[in-house]
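The sequence and structure come next, followed by the notes.

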Amino acid sequence: MTPDPFFFVGAAICALSLVICVVAAATKTYPGDAAIVSVAAVELFLVAYGIGAAIRQAGGETLRGEPWEFWGYLATALILPVVAFWWAVLDKTRWSNAVLAAVPLTIFVMLFRMEQIWDGAPLS
């Protein structure tokens, strides 16, 4: 099965956010606005993704994997950017940028798994 457009959009947003956060970690000693905003963009994508998934399911489209697993991944993914944001606000060091950089990478992996659950694709 081919991934749906949500996956490609999410992958692009995560990749851009990762680059911004890594550059911020390499060049700044404090969390930069660009890194924080890029992680906020990842969060906004996840909200849109969740709304889209709910609409698709309400319209009769079914998940080929376990629904509880899909929604569990989404709920966890929604929490990560918020935690990283608060970390960046409270800890004004270079490590905050590294924490922000971990978010899009982690979200991409979770998005990949959610796509597998939705389409019933094998793990390999």
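**Salt bridges and cysteines**

Asp4 and Arg56 form a salt bridge, their closest N and O atoms lying 2.9 Å apart; the term means a side-chain nitrogen of Lys or Arg within 4 Å of a carboxyl oxygen of Asp or Glu. The model is predicted: local features need pLDDT of at least 70, side-chain atom pairs count only at pLDDT 80 or more, and totals for chains, interfaces and linings use all residues. Residues are numbered from 1 along each chain as its sequence is written, and side-chain values use heavy atoms, with hydrogens and water left out.

**Asp4, Arg56 and Glu61**
- Asp4 sits in the segment before helix H1 (5-27) and Arg56 in helix H2 (residues 33-58), 52 residues apart; helices are DSSP runs (H or I, at least four residues), numbered from the N terminus.
- Arg56 also forms a salt bridge with Glu61, with the closest N and O atoms 2.8 Å apart.
- Asp4 is buried at 12% relative accessible area, while Glu61 is partly exposed at 33% (buried is under 20%, exposed over 50%, partly exposed in between, with a 1.4 Å probe and protein chains only).

**Arg113 and Glu69**
- Arg113 and Glu69 meet in a salt bridge at 3.1 Å, N to O.
- The pair joins helix H4 (residues 94-119), which holds Arg113, to helix H3 (residues 67-90), which holds Glu69.
- Arg113 is buried at 18%, and Glu69 is partly exposed at 21%.
- The whole structure has three salt bridges.

**Cysteines**
- The whole structure has zero disulfides (cysteine sulfur pairs within 2.5 Å).
- Cys14 is in no disulfide, and the nearest cysteine sulfur, that of Cys21, is 10 Å away.
- Cys14 is buried at 3% relative accessibility, and Cys21 is buried at 0%.

Methods:
Helices (H or I, at least four residues) and strands (E, at least two) are DSSP runs, numbered from the N terminus.
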